[in-house]
Amino acid sequence: MSQHETTPQKMQVGFLRSCIDKRFVEVTRAYVEQVIGLEADAYYHEAVAGGALGFPPPLNGADYVYHQAFVKEKFDLVCMVWQVHYDDCGGLPPEQNDPRYNNNKIFADFFDVFLSKDPLISFQLRYPLVQRHIFLIARLDDHGEPFVEVAPFD
Ligand SMILES: [Zn+2]
């Protein structure tokens, strides 16, 4: 073994799944880059109607990126970011879109995903080797401006 032998550092990348809603894509990406600290070219972004509560295609981006990281060992997947948004998400089933309880229902469903012990539902259990799972909620402020915050699940 050579004393100068070093293990090449794998690139550290992230993954973001957000809703396709164009009102919230830019602020969500800005949050990932400025607050979470991933460079714009250092994370995969899968946009799905409904975001973290939507139904991705069977060959989905999260599964692909996780496989590339932990089976193919192509890079270090250091965090996965799961976004939903309030204020009328057209990507969710109609019963979740009732304006009388829309935001509360979205919060409750997202919290259920966070707490779930079912690996088909829980992101932490489905992708267990990832160090950080971050849950974001995007919404409109009192002036109608979009912003993003970490889901208050604690
Ligand atoms: Zn949406």
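## Basis of the description

Because the structure is a predicted model, local features are described only where pLDDT is at least 70 and side-chain atom pairs count only at pLDDT 80 or more, whereas totals for chains, interfaces and linings use all residues. Residues are numbered from 1 along each chain as its sequence is written.

## Overall architecture

The chain holds 4 helices and 5 strands, where helices (H or I, at least four residues) and strands (E, at least two) are DSSP runs numbered from the N terminus. Their sequence along the chain is β-α-β-α-β-α-α-β-β, and the C-alpha trace spans about 65 × 35 × 30 Å along its principal axes.

Of the 154 residues in the chain, 26% are buried; a residue is buried if 20 or more other C-beta atoms lie within 10 Å of its own, exposed if 12 or fewer, and partly exposed in between, with C-beta atoms placed from the backbone.

The 5 strands form an open sheet in the order β2-β1-β3-β4-β5, with mixed pairing, where two strands pair if DSSP finds at least two bridges between them. Strands β2 and β5 are the edge strands, each pairing on one side only, and the twist from one strand to the next averages 20 degrees.

Strands β3 and β4 run parallel and are joined by 7 bridges, with W82 standing opposite F135 in β4. Strand β4 (residues 132–140) then pairs with strand β5 (residues 146–150) in the antiparallel sense over 5 bridges, and here R139 stands opposite F147 in β5. These two strands, β4 and β5, form a hairpin with 5 residues between them, and G144 in the turn has a positive phi of about 80 degrees.

In helix α2 (residues 61–70), the buried residues are A62, V65 and A69. Seen down the axis of α2, these residues fall within an arc of 70 degrees, so they line one face of the helix; the arc is that of the directions from the helix axis to the C-beta atoms. The cover over the buried residues of α2 includes β1 (12–18), β2 and β3 (76–85).

To return to the sheet, β3 and β4 are the strands that run parallel over 7 bridges. Helix α2 packs on the sheet, touching β1, β2 and β3, and its direction makes about 165 degrees with that of β3; axes are lines fitted to C-alpha atoms, for helices over the stretch in contact, and angles run from 0 to 180 degrees between N-to-C directions.

## Individual residues

E73, in the loop between α2 and β3, has a phi of about 55 degrees although it is not a glycine, and E73 counts as exposed because it has 9 C-beta neighbours inside 10 Å. D87, in the loop between β3 and α3 (102–115), has a positive phi of about 65 degrees, again without being a glycine, and its 16 C-beta neighbours inside 10 Å are why D87 counts as partly exposed.

H45 lies in strand β2 (residues 43–47) and counts as partly exposed, because 16 C-beta neighbours lie inside 10 Å. The C-alpha atom of H45 is separated by 9.3 Å from that of V81, which is 36 residues apart along the chain.

Conventions. Two residues are in contact if their C-beta atoms, placed from the backbone, lie within 7 Å.
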